[in-house]
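Please look through the sequence and the model first.

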Amino acid sequence: MRSRTPLPLWILAAIGVAFVSLPLLALLIRAPWSDLGTAFTGAGAGTALRLSIVVSLAATVLSMVLGVPLAWVLARSTMPGRSVLRAIVVLPIVMPPVVGGLGLLAALGRGGVVGRWLHETAGIQLTFTIWGAIVATTFVSMPLVVLATESGLRSIDRRYEGAAAALGAGPRYAIRRVVLPMLGPSLAAGAVLAWARALGEFGATITFAGNLAGRTQTLPLAVYEARLTDPGGAIFLSLILIAMSIGVLVAMRDRITQGH
Amino acid sequence: MGLHTDLVARRGDFEIAVTLDVADGETLALLGPNGAGKSTVVDALIGTLALAHGTIELGGERIDMLSPERRAIGVCFQDDLLFPRLSALENVAFGLRARKVAKAAARARAAGLLERLAPGVDARAAPAALSGGERQRVALARSLANEPRLLLLDEPFANVDVSARPGLRALVREVARAFGGPTVLIAHDPVDALTLADRVALLEGGRVTQTGRPDEIRAAPRSAYAADLVGVNLFVGELEPLDDGAAALRTAGGDITVSPDEPVGRGSRAVATLKPIDVSLHAGEPEGSARNVFRGTIAEIAVDGERARVRVDARPPLTAEVTSGSAARMALRVGDEVWASFKAVEVSLQIEDDPDRTPAAGTLGR
């Protein structure tokens, strides 16, 4: 049976929808459609787009490689101080990204606590390179993988692992055939959330990796730079980002918007 | 040989201390209420819970130091615990594949087990697409796939629809009979324990309070709990339809009249239970509507507070429960002649071997 929704709720909901959709609509209206070709090349869209895709995918992979084992430890180990550890790990979600970038600079910059040593012994420099952009992006993306994976792991009845063991499966076989398949939706959700976050990353990247076209200037950075000199190009770049985000939402519509 | 445990295990503040001996080819039911420690015993046996001390010996070998995957116990879990992302066939083949049996061979063996234990179940189906009874049949096949040395059946009927239970119970009986090693059946329903097991061990508060053959325990329950749990009147026999829709249940100890919900076939095997409180006692032949009236002599009177359990030697033998007040009023004494009666509708009836639901006997080899 459907209950009737009161009118005031309808009104507020309509304002909410307008609030979210109006900027999108405005961008579409203001886009200089007649100068499409020149605006595109002028803003260096192709380069920034390529870089954004490479950086965001690399950051997603790195987030998964590090984040999934981390989630496993948080969900399954009984060591003391887990809640403190979890708080530290998910801090980048609530922390201003620019602060994260500063922290990365202090740690991994050429003169940083670890970065100096990296540079002197191995000749590795992260700042102002694509690697720096990947590191900064992973910093903000990985916590999303950790959260999604950990909650997925917690929702799996641990007796399944006991059952697998009793049936003769060693821990690795049980993880591969039983736990990971059950964890699939959570892993997918974590990966997509991390990728979407990576695609929009701005603050940590520009602070830590800089804003060098072709090396660290991803789409959001390109939008930021173009917004004064070439507003039309900035709008086009923004629309590209929006299109990609919508693509993510459509691909994941059921899993993210309805849970799993 | 067989299974011998003498174990102590703890989970939080709760402790179990359980000694069990099950011979090869024997089925022992571990019967207890919720919270008695049944699942703790299961976890200790399969090794997901470490023993505080004690030993588990299986087939002449100590297994309590082995990790769960090396204990060779075939477990049929409560809630079946079929792996949701694997098909029925992959679930059955899981243990074989974990032990590096070649894929084709594992699947062939799994398919054979499924065909015998779960006929009509689509081997490619995901567990979620199967009924509770079908899932439990697949779980049973899975527990046998690895040729275990111990069969551990953890409340296999708990999540199974009442209508599917009798067929599944008959199947479990067949499986346990064909299985050559010891079988442990964890149960909280006394009917399961009393009809499937060679011996019953009662578990209360983490301790085994009584062990014996089902008839021994029913004849002499040692605690009020045991009396409530297993003191039911139990009749196992074959049905014969009567003209008026009722049926006669012919048992080795005598015949009773029951009232089935649906027409029954002649010769169907059935298990019937009757609560002692539904049996009335009379000094003389009673008048009234009860269809089951038996004359016998009082074999035993056990008074427990306000209640008295009276065992009547009749054909069939019956146990009645009366208040101790009315026992005194009737001046019941051991050796007295007495009339016992109960209504056919009070008898709870489960028909077991509907031929459509049960695979033919003798097809369940290892």
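## Basis of the report

Contact means heavy atoms within 4.5 Å. The structure is a predicted model, in which local features need pLDDT of at least 70 and side-chain atom pairs count only at pLDDT 80 or more, while totals for chains, interfaces and linings use all residues. Residues are numbered from 1 along each chain as its sequence is written, chains are lettered from A and ligands numbered from 1 in the order in which they are written, and side-chain values use heavy atoms, with hydrogens and water left out.

## Chain A

Chain A contains 13 helices and zero strands; helices (H or I, at least four residues) and strands (E, at least two) are DSSP runs, numbered from the N terminus. Its C-alpha atoms fill a box of roughly 70 × 70 × 30 Å, taken along the principal axes.

Over all chains, 28 salt bridges are counted, a salt bridge being a side-chain nitrogen of Lys or Arg within 4 Å of a carboxyl oxygen of Asp or Glu. One of these joins A:Arg76 and A:Glu161, with the closest N and O atoms 2.8 Å apart. A:Arg76 belongs to helix α3 (residues 45–76) of chain A and A:Glu161 to helix α8 of chain A, so this pair ties together parts that are 85 residues apart in sequence.

## The interface between chains A and B

In the interface, 18 residues of chain A are in contact with 23 residues of chain B. The two chains, A and B, bury about 1800 Å² between them, 68% of it on carbon and sulfur atoms; buried area is the accessible area (1.4 Å probe) that two parts lose on being put together, summed over both. A:Ala166, A:Leu167 and A:Arg177 supply 35% of the area that chain A buries against chain B, more than any other three residues.

One salt bridge is counted between chain A and chain B. It pairs A:Arg159 with B:Asp79, whose closest N and O atoms are 2.9 Å apart. On the side of chain A that touches chain B, the elements that give two or more residues are α8 (159–166) and α9 (171–200) of chain A. The residues of this side divide into 13 nonpolar, three polar and two charged, where Ala, Val, Leu, Ile, Met, Phe, Trp, Tyr, Cys and Pro count as nonpolar, Asp, Glu, Lys and Arg as charged, and the others, Gly among them, as polar.

## Backbone features of chain B

Most residues other than glycine have a negative phi, and most peptide bonds are trans. B:Asp79, however, has a positive phi, near 60 degrees. This residue, B:Asp79, lies in the loop between β6 (73–76) and α2 (88–98) of chain B.

A cis peptide bond, with omega about 0 degrees, joins B:Arg315 and B:Pro316. B:Pro316 is found in the loop between β17 (307–313) and β18 (318–323) of chain B.
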